[in-house]
Amino acid sequence: MTGGRRPKALKAYGVLEGASSVVDLGDLDGWRPKLVATDLDGTLLDSAGEVSPRSRAALEAAWDAGIPVVGVTGRGPRLLDSVRAALDGRGIAVLAQGGFVVDLERNEVLRTVGLPREQAARVIARIEEVAGDLIVAVEDAAEQAEASGPLRVQHGFNWPYPEPAHLLPRHEVLPEGPVLKVFLRSSTLGQDELLARAKSVVDPADAEVTHAGLGFIEVLPPGITKASGLEIALERYGVGFGDVLVFGDMPNDLPMIAAVADAGGRAVAVANAHPAVRAATSAVTSGHDADGVARYLEAILRDV
């Protein structure tokens with residue numbers, strides 16, 4: 001498993017019929033990408049958290065065709081080594097839902113953004129007003145020196161991965177400084193319902209809220225989305241959103257999917273994707289356990 005992580009706990013949203021073979025290119029009309037952006041967990045990576053040999057070969061073929069590949073993930077910088085391994089250390093990676101962007105080849109951090117402690121506390125309180133008591137975990141300060149530290153996790157959160165974590169009582173979970181993101185879990189509400197309630201009370205000027213299919217929602221600094229993180233990578237490559245081929249599976253992918261689709265690029269859902277992602281994309285490929293990203297890339301690169 002990449003970086004020693006257990007498989008991602010994907011909710012069974014209903015895999016499309018023929019998920020082991022389906023590849024619907026949509027109406028390309030001669031269009032070809034200048035850059036590929038892909039989510040990792042549940043999209044490029046299989047259920048074991050690995051990049052299959054077929055997917056690895058497809059990524060290499062894209063690079064050989066002069067098409068950079070950018071990994072865009074919710075994984076935080078503490079998991080940078082696993083992201084680096086998944087992407088063969090090539091190009092630019094967008095982590096923490098867009099809050100941490102790094103040039104893997106130059107070991108250069110291009111973005112790191114934190115949410116002030118007081119602001120995070122206000123947003124959590126606002127969500128609890130409509131969702132009841134929540135269990136909290138925190139990705140620590142966006143300061144470069146601290147970004148790879150362990151999570152700060154409230155007792156009872158049941159973090160799904162066996163990585164190092166500080167188990168703390170609720171009043172000690174938020175650090176004194178800024179946080180990259182806050183994770184909120186409810187004992188009574190599912191992730192979709194919790195996200196809907198959070199969105200109903202959280203002003204985007206105060207924070208972004210999303211979920212990645214792991215059973216909890218995430219609170220991020222205002223303006224921090226996969227779209228805003230990907231934009232930094234695109235600026236470095238001199239590519240616009242309209243020239244991007246993007247793959248995703250969960251609500252946290254929707255901002256970059258929308259940015260690409262609205263600009264005339266191509267957005268593709270894997271067959272195991274959340275219904276909201278399927279609704280937002282014009283094309284579909286096989287599930288993440290059936291090399292969906294690789295299958296689509298192979299098809300679209302035939303004429304490049």
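Are W159 and F183 buried or exposed? Both are buried, where buried means under 20% relative accessible area with a 1.4 Å probe and protein chains only. This is a predicted model, so local features need pLDDT of at least 70 and side-chain atom pairs count only at pLDDT 80 or more, while totals for chains, interfaces and linings use all residues. Residues are numbered from 1 along each chain as its sequence is written, and side-chain values use heavy atoms, leaving out hydrogens and water.

**Aromatic residues**

- There are six aromatic pairs in the structure; a pair means Phe, Tyr or Trp rings (the six-membered one for Trp) with centres within 6.5 Å, called stacked if the planes are under 30 degrees apart, edge-to-face if over 60 and tilted for the rest.
- One of them joins F157 and W159, which counts as tilted because the ring centres are 5.9 Å apart and the planes sit at 35°.
- W159 also pairs with F183, this time edge-to-face, at 4.9 Å centre to centre and 65° between the planes.
- W159 sits in the loop between β8 (151-154) and β9 (165-168) and F183 in strand β10 (residues 181-185), so this pair ties together parts 24 residues apart in sequence; strands are DSSP runs of E with at least two residues, helices are runs of H or I with at least four, and both are numbered from the N terminus.
- F157 is buried at 0% relative accessibility, and W159 is buried at 15%.
- F157, W159, F183 and F216 make up one aromatic cluster.

**Charges over rings**

- R185 lies over the face of F157, 4.9 Å from the ring centre; the test is NZ of Lys or CZ of Arg within 6 Å of the ring centre and within 35 degrees of the ring normal.
- R266 does likewise with W31, lying over its face at 5.0 Å from the ring centre.

**Nonpolar core**

- The largest nonpolar core has 33 residues, and L245, F247, Y296, L297 and I300 have the most contacts inside it; a core is a set of buried Ala, Val, Leu, Ile, Met, Phe, Trp, Tyr and Cys residues joined through side-chain atoms within 4.5 Å.
- Elements that each supply at least two residues of this core include α2 (53-64), β13 (244-248) and α10 (292-301).
- α10 gives the largest share of this core, six residues.
- In soluble globular proteins, nonpolar side chains tend to be buried together.

Key
Buried means under 20% relative accessible area, exposed over 50%, partly exposed in between (1.4 Å probe, protein chains only).
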